[in-house]
Amino acid sequence: MNTVEDRASSFGQTGFIHADFAPQNYRCKRNTDLTAFDLDNCVRHWLAYDLAVAVSILTRSQEGEESIHQLLTGYQEIAPLPCAREALQELAKLRALYVLCDRIRADLRDDTTKGNAVAKARGRLMALIPNK
């Protein structure tokens, strides 16, 4: 089993990133001007992680693969992808795990009985596992 440490070099360079580059956190004007906001998650991370966040959100959208294709095609018109598409998918999984852990932490903080928080955590985890 590959660990994140084993795969780190495949994710490309690191630097300061937004880390929550989702549609609700940016505005696009005239298809040329892009303004990002909600910078509370900024962190030093793989540069590809911002792109992986967008991929993880688009994966759940109705258009799914087509939207991801358009995003990556448009990105490559400006710059080469920071890593292979497979590595983006792995970073998207890492994002899903981060979101799950963050929600479990919030549930445990907010739920005084803790039993409900455990049940919620199980439900959130099961929702991430694809049906086969």
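The model is predicted. It holds two salt bridges and two aromatic pairs.

**Helix H4**
- Helix H4 spans residues 85-110 and has 26 residues. From first to last C-alpha it reaches 37 Å, close to the expected 38 Å.
- Its buried residues include Ala87, Leu88, Leu91, Ala92, Val99 and Leu100, and also the charged-pair member Arg95.

**Aromatic pairs**
- The ring centres of phenylalanine 11 and tryptophan 46 are 4.7 Å apart; because the planes stand at 70°, the pair is edge-to-face.
- This pair links distant parts of the chain, 35 residues apart: phenylalanine 11 lies in the loop between helix H1 and strand S1, and tryptophan 46 in strand S4.
- Phenylalanine 11 is buried at 3% relative accessibility, and tryptophan 46 is buried at 13%.
- Phenylalanine 21 and tyrosine 26 also have ring centres 4.7 Å apart, but their planes lie at 20°, so this pair is stacked. Tyrosine 26 is partly exposed, at 25% relative accessibility.

**Salt bridges**
- Arginine 95 and aspartate 20 form a salt bridge, with 2.9 Å between the closest N and O atoms. Arginine 95 belongs to helix H4 and aspartate 20 to the loop between S1 and strand S2, so the bridge ties together parts 75 residues apart in sequence.
- Arginine 95 is buried at 10% relative accessible area, as is aspartate 20 at 11%.
- Glutamate 65 and arginine 85 form a salt bridge with closest N and O atoms 2.8 Å apart. The pair connects helix H3 with helix H4, across 20 residues.
- Glutamate 65 is exposed at 51%, whereas arginine 85 is partly exposed at 29%.

Terms used:
Residues numbered from 1 in each chain as written. Predicted model: local features only at pLDDT ≥ 70, side-chain atom pairs only at ≥ 80, totals over all residues. Heavy atoms only, no water. Helix = DSSP H or I, 4+ residues; strand = E, 2+ residues; numbered from the N terminus. Expected span 1.5 Å × (residues − 1). Buried < 20%, exposed > 50% of the residue type's maximum accessible area, 1.4 Å probe, protein only. Phe/Tyr/Trp six-rings, centres within 6.5 Å; stacked < 30°, edge-to-face > 60°. Salt bridge = Lys/Arg side-chain N within 4 Å of Asp/Glu carboxyl O.
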